[in-house]
Amino acid sequence: MCGFFLINAEPLRMKIKIVAVVGLFLCGLTTMAQTKVERVVPTKASGEGVTYFLPKSSFVVNAEVTKVTVKAGSYYRYAERYLGVKDVATEDVVYYELGKITLSAKGVPNPDQMYKIEFKQKTVAPFVYLTPDGLLCAINEVYTPEEQPEEPRPEQSRADTPPASSVYTEDLLMAGSVARQAEVAAKQIYRLRESRTDILTGDADNLPPDGEAMKIVISKLEDQEKALTKLFTGTETRETTYYDISILPEDELEHEVLFRFSSQLGILDEDDLGGEPVYMNLTALERAPELDAKEAEKKDKLLRGIVYNVPGKARVEIIRNNKSILKKDFPFVQFGTQEALAPVLLEDKKEPVKVLFYPETGAIRQITK
């Protein structure tokens with residue numbers, strides 16, 4: 001390890017158009033991957049330096065949407081007569097439910113905050129850790145990304161009963177009218193229930209030889225009963241999908257439409273009036289003092305060294321149906337400012353300073369020797 005110094009770390013200015021709501025896209029049943037970092041060692045080809053970006057704060061809103069498909073049973077008209085069940089599906093229906101909404105912060109490279117670290121020549125392997133998109137993670141220190149806690153997500157629904165074709169016995173197939181088929185199916189259901197009861201009470205003529213065999217037989221009987229019952233009550237399948245909505249705010253937001261939701265259509269674009277809006281509020285809790293043009297220019301000239309972010313603080317609130325469904329506080333770069341580590345701190349060859357950063361905010365996490 002060794003020390004290094006920096007030469008004129010002026011930011012390279014670039015223009016960028018900020019879009020409040022970047023967009024919305026489909027996600028599978030996966031969680032956000034851990035941050036990948038790359039070790040970068042300056043070479044002559046790179047000018048003995050490493051270029052990095054400071055991030056801006058963005059947010060990712062994850063919405064859980066479940067598609068419910070209901071299919072009416074073939075004998076729904078006879079459900080009450082033969083089974084005593086009143087509340088059954090009478091027609092095929094598809095609708096959507098909006099479930100859990102979660103919120104996370106993410107750092108994205110800011111083209112207006114680009115800097116170059118220039119290492120002192122003839123030193124031993126100084127190095128920097130960067131993310132693939134150029135965000136600073138560590139200097140002269142091995143960087144290990146913090147593990148992201150996995151958000152538990154339910155498995156998609158699967159058929160838990162045999163297909164309907166497997167329950168059509170000869171008697172059922174030979175029955176003429178639908179009414180007669182329903183009557184035969186109902187009798188089969190009651191016979192299955194009676195057989196299960198006889199096995200459980202020990203009254204069956206041929207009992208299973210052991211407990212494991214009994215479990216298998218009982219399970220088969222229950223599956224057959226469920227499949228036949230669904231011919232009367234209908235079926236319901238649920239398929240859960242996750243949507244990520246990314247937003248890059250430049251300042252405070254009030255009732256910013258994130259997306260719209262329709263029970264008939266599911267997730268919709270923010271400008272599609274076919275669904276109810278889900279809003280986002282962003283309020284500054286801590287904000288760096290605003291500088292006038294002369295003060296800002298003076299500060300830019302003083303930024304010499306490792307430039308880093310000192311974030312402000314923001315409160316984010318998600319609102320649906322005039323009710324707050326999520327509220328959370330985050331460090332927020334756009335409400336903060338930039339400072340710099342003095343080059344003199346990094347020139348000690350025997351005990352070089354080691355610096356860890358939060359790549360999502362560009363703030364200092366730890367400084368050691």
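Visitor: Which residue in β4 stands opposite Thr66?
Guide: This is a predicted model, in which local features need pLDDT of at least 70 and side-chain atom pairs count only at pLDDT 80 or more, while totals for chains, interfaces and linings use all residues. Residues are numbered from 1 along each chain as its sequence is written, and side-chain values use heavy atoms, with hydrogens and water left out. The strands β3 and β4 run antiparallel and are joined by 20 bridges, where two strands pair if DSSP finds at least two bridges between them. In β4, the residue that stands opposite Thr66 is Glu97.

Visitor: How many helices and strands make up the secondary structure of the chain?
Guide: Helices (H or I, at least four residues) and strands (E, at least two) are DSSP runs, numbered from the N terminus. On that basis, the chain comes to five helices and 14 strands.

Visitor: How many residues of β3 are buried?
Guide: Buried means under 20% relative accessible area, exposed means over 50%, and partly exposed lies in between (1.4 Å probe, protein chains only). Over the 369 residues of the chain, 39% count as buried. The strand β3, which also pairs with β7 in the antiparallel sense over 13 bridges, is mostly covered, and its buried residues number 20 of 23.

Visitor: Which residues touch the most other members of the largest nonpolar core?
Guide: A nonpolar core is a set of buried Ala, Val, Leu, Ile, Met, Phe, Trp, Tyr and Cys residues joined through side-chain atoms within 4.5 Å. In soluble globular proteins, nonpolar side chains tend to be buried together. Here the largest such core holds 24 residues, and those that touch the most other members are Phe59, Phe259 and Leu282.

Visitor: Which residues do ring pairs link into a cluster with Phe59?
Guide: Rings of Phe, Tyr and Trp (its six-membered ring) pair if their centres lie within 6.5 Å, with planes under 30 degrees apart counted as stacked, over 60 as edge-to-face and the rest as tilted, and a search of the whole structure finds six aromatic pairs. Leaving out residues up to four places away in sequence, Phe59 touches a set that includes Leu103, Ile245, Met280 and Leu282, where contact means heavy atoms within 4.5 Å. Ring pairs link Phe59 into a cluster with Phe330, Phe332 and Phe335.

Visitor: In what order do the five strands of the open sheet lie?
Guide: Strands of a sheet pair through backbone hydrogen bonds, either parallel or antiparallel. In this open sheet the pairing is antiparallel, and the order is β9-β8-β10-β11-β12.

Visitor: Which strands are the edge strands of this sheet?
Guide: Inside the sheet, β8 and β10 pair over six bridges, and eight bridges join β10 to β11. Each edge strand pairs on one side only, and the two are β9 (266-268) and β12.

Visitor: What is the bridge partner of Ser262 in β9?
Guide: The strands β8 and β9 form a hairpin with three residues between them, and they pair in the antiparallel sense over three bridges. Within this pairing, the partner of Ser262 in β9 is Gly266.

Visitor: Is Asp329 buried, partly exposed or exposed?
Guide: Asp329 has its place in strand β12, and, its neighbours within four places in sequence aside, Asp329 is in contact with Leu285, Lys313, Ala314 and Arg315. With a relative accessible area of 32%, Asp329 is partly exposed.

Visitor: What is the length of the polar contact that joins the side chains of Asp329 and Arg315?
Guide: These two residues are 14 apart along the chain, yet their C-alpha atoms are separated by 4.3 Å. A polar contact is a pair of N or O atoms within 3.5 Å, of which, within protein, one must be able to donate a hydrogen and the other to accept it, and residues adjacent in sequence count only if both atoms are side-chain atoms. The contact joining the side chains of Asp329 and Arg315 has a length of 2.7 Å.
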